[in-house]
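Good morning, and thank you for coming. Please look at the sequence and the structure together while I speak.

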Amino acid sequence: MFEINNREVQTYTIDNHEFSVINDFYKYPDQVVNWITSFEPVWHKHMDGYFHQGVDFLDKRHHLYTYEIEPVYRFLEQVTQQKTEPDTLYDETSEQNEYFKISTNYTKFLNHKYDDHYFFPHIDLGKTAICYLNKSKSNGTNFYKSLDYTQGIEHKDHFIPKDNIELIHHVHSEYNKLLIWDGQDLYHGLCMDKKYTKEWRLNQVFFFTP
């Protein structure tokens with residue numbers, strides 16, 4: 001089900017930051033989506049009612065496991081030249097478990113009143129990859145340069161005034177497109193879209209460490 005369809009990496013640079021794209025990444029993306037969404041997602045970090053969580057948006061995740069995803073992680077390690085991020089959710093001793101994880105971002109907005117704010121710019125531990133899994137093209141991911149911004153508590157210090165951080169690049173969400181960038185070096189976050197008040201925003205994420 002998680003067979004790779006395309007291994008051709010296209011790379012470009014914006015403001016001295018490198019981005020890599022693989023279009024039509026999975027061979028069977030519909031099967032991937034159907035399998036992921038057949039499982040109930042869980043709240044991300046904070047439960048319903050914690051400041052903006054469950055009030056302005058639903059921020060959830062899937063944390064699933066299958067041995068079928070391991071070749072994808074091995075391939076992306078070659079592309080990123082980094083190691084798969086250790087899996088802190090899986091309480092077993094086998095080092096292989098981190099190669100079996102399926103992690104998603106699964107978000108839905110309950111309103112759309114934040115046109116003068118950005119949605120929680122943040123950084124990660126290393127390189128980050130996202131495979132977009134919504135069928136129609138829509139707003140995807142924003143990338144920023146910090147002006148007057150310190151990352152706060154997710155879901156509490158969540159909506160950032162646009163004059164606190166500079167948008168330097170945007171990548172649209174396109175079905176089955178994989179995007180890779182240095183998540184440790186570059187602030188990033190989802191770009192809000194009114195369509196996600198009616199449907200869930202879904203992508204699969206892969207995290208790596210230097």
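With which side chain does the side chain of histidine 188 make a polar contact? Its partner is the side chain of tryptophan 181, at 3.4 Å. A polar contact is a pair of N or O atoms within 3.5 Å; within protein, one must be able to donate a hydrogen and the other to accept it, and residues adjacent in sequence count only if both atoms are side-chain atoms.

Before I continue, a word on the source. This is a predicted model, in which local features need pLDDT of at least 70 and side-chain atom pairs count only at pLDDT 80 or more, while totals for chains, interfaces and linings use all residues. Residues are numbered from 1 along each chain as its sequence is written, and side-chain values use heavy atoms, with hydrogens and water left out.

Let us stay with histidine 188. The side chain of histidine 188 also reaches the backbone oxygen of leucine 186, at 2.9 Å. Histidine 188 lies in strand β14; helices (H or I, at least four residues) and strands (E, at least two) are DSSP runs, numbered from the N terminus. Is histidine 188 buried or exposed? Histidine 188 counts as buried because its relative accessibility is 4%, where buried means under 20% relative accessible area, exposed over 50%, and partly exposed in between (1.4 Å probe, protein chains only). Leaving aside neighbours within four places in sequence, histidine 188 is in contact (heavy atoms within 4.5 Å) with several residues, including Phe120, Asp124, Asn142, Tyr144 and Gly183.

Next, the sheet around β14. An open sheet of 3 strands has the order β12-β10-β14, with antiparallel pairing; two strands pair if DSSP finds at least two bridges between them. Strands β12 and β14 are at the edges with a single partner strand each, so one side of each has no neighbour in the sheet. From one strand to the next the twist averages 25°, with axes taken as lines fitted to C-alpha atoms, for helices over the stretch in contact, and angles running from 0 to 180 degrees between N-to-C directions.

Strand β10 (residues 138–146) is joined to β12 (residues 165–173) by 7 bridges, and to β14 (residues 187–190) by 4 bridges. Asparagine 142 has histidine 170 as its bridge partner in β12. Tyrosine 144 has tyrosine 187 as its bridge partner in β14, and stands opposite leucine 167 in β12.

Now the aromatic rings. Rings of Phe, Tyr and Trp (its six-membered ring) pair if their centres lie within 6.5 Å; planes under 30 degrees apart count as stacked, over 60 as edge-to-face and the rest as tilted. The count by this rule is 20 aromatic pairs. In one of them, phenylalanine 2 and tyrosine 26 have ring centres 5.7 Å apart and planes at 75°, so this pair is edge-to-face. Phenylalanine 2 lies in the segment before β1 and tyrosine 26 in the loop between β2 and α1, so the pair ties together parts 24 residues apart in sequence. Phenylalanine 2 is buried, at 3% relative accessible area, and tyrosine 26 is buried too, at 1%.

One aromatic cluster is formed by Phe2, Phe25, Tyr26, Trp35, Phe39 and Phe75. Over the ring of phenylalanine 75 sits the charged end of arginine 7, 4.9 Å from the ring centre; the rule asks for NZ of Lys or CZ of Arg within 6 Å of the ring centre and within 35 degrees of the ring normal.
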